[in-house]
Amino acid sequence: MCEFCTKHGEGRKWYLQMKNYSQVLLHEQLSEPQKEFAHAGSRYEWNQRFFESFMVPACAAAPRPAAGEGGHPNDASHEEEPHDEAPPPTPLTEEQILSQKKAVHFGQVLPIEDVDQVIDLASSITRMPCGCRFESTGLCDKRYCFGLGVDLHGILGRYPEASASLEVLDKQEARRILYRFDDEGLIHSIWTGVTPYVIGLCNCDHDCEAYKGYIEQRGIPSFFRAEYVGQVDWDQCSGCKECMSQCQFGAQFYSSALGKVYIDPLRCFGCGVCRAACPNNAIALIPRQSSPAADVWLREPSRAAVPGA
Ligand code: SF4
Ligand code: SF4
Ligand code: SF4
């Protein structure tokens, strides 16, 4: 299991623990180290600022706040400029940045079966414009983000100007949309708003800023791999290659000698979206911990620049 399950899941998947969705956790005063990393006194305060800087601009098609005026709350590049007379800050190491990201705003890939269980736990589901796609495409009608427990009567009520872009969904409608996203090959991920509080579910592709930074540019990780890894049953695989276009992690390879596709466990993030493309039901997800070859949660070991990744 990933380190969040060990720390925040009591030995089970951390995002399936009801306590990580609780109002008590949302309003609790943060510890001193948490306050320092999050620049907030409570999760409620951090989440308000997150939605204000990341989602509200996408609703209003307005520019994001400039550096030092808000920005993405967990983006080190948006830290305030130092005063002239102050000594320059010591740059953080990659390991320190990763540990701050894990403490404040971090994600994990999860397959649609687990998304289904998360929907059961959420006290409210609010569909909202995707801040990343707004940033990368300028479009503000791409509603791929699902805020959990942050409905119009709670955190989002503070932004009446954004309400026209928000949809409060019932669980059945949320499931219908999320299963459709799965068929389209969008990767599901779950995110914290000052760990381990769960704030939302995302449905991402190459327009995702977290994906671009971590996967495309091989930067500091922003999310864990899923608790699963994909496996192809060669008795069922016809070698049609339909699944290969779904994988956004470059984890599938075709063997012309065998006429089969295989999944590299060191590259697979366990999102499971390749399954929807397979006409033969040849792909299954197995628990990551049952496959020693897949015991990797962040970068592939050969690419790891961060100890423990
Ligand atoms: S993480 Fe994904 S769904 Fe969420 S804002 Fe970014 S691209 Fe959109
Ligand atoms: S091979 Fe792995 S990473 Fe690629 S789509 Fe399938 S489950 Fe996701
Ligand atoms: S889609 Fe299914 S049958 Fe076709 S190559 Fe992939 S695993 Fe094999």
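First things first: what you're looking at is a predicted model. The average pLDDT over the protein is 87, and 90% of the residues reach at least 70. If you compare the helices and strands, strand E1, at residues 107–109, comes out with the highest mean pLDDT, 98. At the other end, helix H7, residues 131–137, has the lowest mean, 84.

Two stretches call for some care. Over residues 67–82 the pLDDT stays under 50, and the model has 23 contacts for this stretch beyond four places in sequence.

Now for the spaces inside. How many cavities of 30 Å³ or more are there? The count comes to four. Let's visit the two largest, starting at the top.

The largest cavity has a volume of about 90 Å³, and this is the space taken by ligand 2. Its lining is made up of 14 residues, and those nearest the centre of the cavity are Cys247, Cys268, Gly270, Cys271 and Cys274. Sorted by class, that lining has nine nonpolar, four polar and one charged residues.

Which residues sit around ligand 2 itself? You'll find Cys247, Cys268, Cys271 and Cys274 among them, along with others including Phe249, Ile263, Phe269 and Val273. This shell has nine nonpolar and three polar residues, but no charged ones.

On to the second largest cavity, which holds about 80 Å³ of space. Here the space is taken by ligand 3. The lining includes Cys237, Cys240, Cys243 and Cys278, and also Lys241 and Glu242. By class, this lining divides into eight nonpolar, two polar and two charged residues.

And what comes nearest to ligand 3? Of the 13 residues around this ligand, the answer is Cys237, Cys240, Lys241, Cys243 and Cys278. The shell around ligand 3 has eight nonpolar, three polar and two charged residues, whereas the shell around ligand 2 has no charged residues.

Methods. Residues are numbered from 1 along each chain as its sequence is written. Chains are lettered from A and ligands numbered from 1 in the order in which they are written. This is a predicted model: local features need pLDDT of at least 70, side-chain atom pairs count only at pLDDT 80 or more; totals for chains, interfaces and linings use all residues. Side-chain values use heavy atoms; hydrogens and water are left out. A residue is near a molecule or strand if one of its heavy atoms lies within 4 Å of it. On a 1 Å grid over the protein atoms alone, a cavity is a set of points where a 1.4 Å probe fits but cannot get out, and a pocket is an open set with protein on both sides within 12 Å along at least five of seven lines; lining residues have an atom within 4 Å of a point. A molecule sits in a cavity or pocket if more than half of its atoms lie within 2 Å of its grid points. Ala, Val, Leu, Ile, Met, Phe, Trp, Tyr, Cys and Pro count as nonpolar, Asp, Glu, Lys and Arg as charged, and the others, Gly among them, as polar. Grid points are joined across faces, edges and corners, and a volume is the space filled by probe spheres set on the points. pLDDT is the predictor's confidence in each residue, from 0 to 100. Helices (H or I, at least four residues) and strands (E, at least two) are DSSP runs, numbered from the N terminus. Contact means heavy atoms within 4.5 Å.
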